[in-house]
Amino acid sequence: GSLQMIEIRTCTSAISANGRSWKWETALSLFEDIMNALCMLDFVAYSAAISACEKGEQWKHAIGLLGAMQQADAAPNIITYNAAMSACEKGERWQQALFLISVMKECSMLPDVISYNAFISACEKQKTWQQSLLLLAAMKKAGVRPDLITFNAAISACAERKQWQRALELLTSASRAEIVPDCITYNAAVSACEKSEQWQQALLARLGGGEA
């Protein structure tokens, strides 16, 4: 009854505190202890544990908890999914991030800009520029407006594979979308040109960023 709910809330607070302190192992241990003791946990407790996994870059645990959450009828929301996707991004697992986006859609949950950014950032780290551009296109088709983080990640993914033309096209697209590029945007575009030995284009990109 009420005592049980107090125990769950107390443990959930402890899970959250450890997650914020980057102590994901302690957070998951607390989660397992309360689950074994009470055989039940609520949405808040699951979400706290998944957030701890995100900070600890534990993508396998995050996805496992999402599955357990659904089986326990503690339906995840978009914030929970985004935390799991962020764990995949930090673990450089773009395939798993894409899987989570498909699961969200199956659950009639629309991914938001944070969802897409996590996926595109994972693509950047895995140097899969084609996937990042495909999802950027899907993002626009779904009516989700890309932000500066989106473009920075996509341009960086292109730079890693010497796709200088794509990088410059994205730089132009960002400006057309009234997104003001920052030093990360210009540095990524310059890097794409330099890696492809496109020195003139690199100089133009530098000048565009206000660099001499």
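**Exercise 1. Does Ser 86 count as buried or exposed, and at what relative accessibility?**

Let's work it out on this predicted model.
- Step 1: Ser 86 sits in helix 5, residues 78-90.
- Step 2: get the number. The relative accessibility of Ser 86 is 12%.
- Step 3: compare with the cut-off. Buried means under 20%, so at 12% Ser 86 counts as buried.
- Step 4: look at who is around. Leaving out residues up to four places away in sequence, Ser 86 touches Glu 54 and Ala 118.

**Exercise 2. Find the aromatic pair in the structure and work out its geometry**.

- Step 1: check the rings. Those of Trp 94 and Phe 119 have centres 6.3 Å apart, with planes at 85°.
- Step 2: classify. Planes over 60 degrees apart count as edge-to-face, so at 85° the Trp 94 and Phe 119 pair gets that label.
- Step 3: trace the chain. Trp 94 belongs to helix 6 (residues 94-106) and Phe 119 to helix 7 (residues 113-126), so the pair links distant parts of the chain, 25 residues apart.
- Step 4: check burial. Trp 94 and Phe 119 are both buried.

**Exercise 3. Which residues touch the most other members of the largest nonpolar core?**

- Step 1: count the core. It has 61 residues.
- Step 2: pick out the best connected. Ile 50, Leu 65, Met 85, Phe 119 and Leu 170 touch the most other members.
- Step 3: ask who contributes. Helix 9 (residues 148-160) supplies the largest share, 7 residues.
- Step 4: zoom in on one of them. Setting aside neighbours within four places in sequence, Met 85 contacts Ala 97, Leu 100, Ile 101, Met 104, Ser 115, Ala 118 and Phe 119.

**Exercise 4. Check the length of helix 10 and find where its buried residues lie**.

- Step 1: compare spans. Helix 10 has 13 residues (164-176), and at 1.5 Å a residue these should span 18 Å; the end C-alpha atoms are 18 Å apart, so the two agree.
- Step 2: list the buried residues. In helix 10 these are Trp 164, Ala 167, Leu 168, Leu 170, Leu 171 and Ala 174.
- Step 3: look around the axis. Those residues cover an arc of only 155°, so they fall on the same side of helix 10.
- Step 4: step past the end. Just after helix 10, Glu 178 has a positive phi of about 60°.

Note on methods. Residues numbered from 1 in each chain as written. Predicted model: local features only at pLDDT ≥ 70, side-chain atom pairs only at ≥ 80, totals over all residues. Heavy atoms only, no water. Helix = DSSP H or I, 4+ residues; strand = E, 2+ residues; numbered from the N terminus. Expected span 1.5 Å × (residues − 1). Buried < 20%, exposed > 50% of the residue type's maximum accessible area, 1.4 Å probe, protein only. Arc of directions from axis to C-beta. Core = buried A, V, L, I, M, F, W, Y, C linked by side-chain atoms within 4.5 Å. Contact = heavy atoms within 4.5 Å. Phe/Tyr/Trp six-rings, centres within 6.5 Å; stacked < 30°, edge-to-face > 60°.
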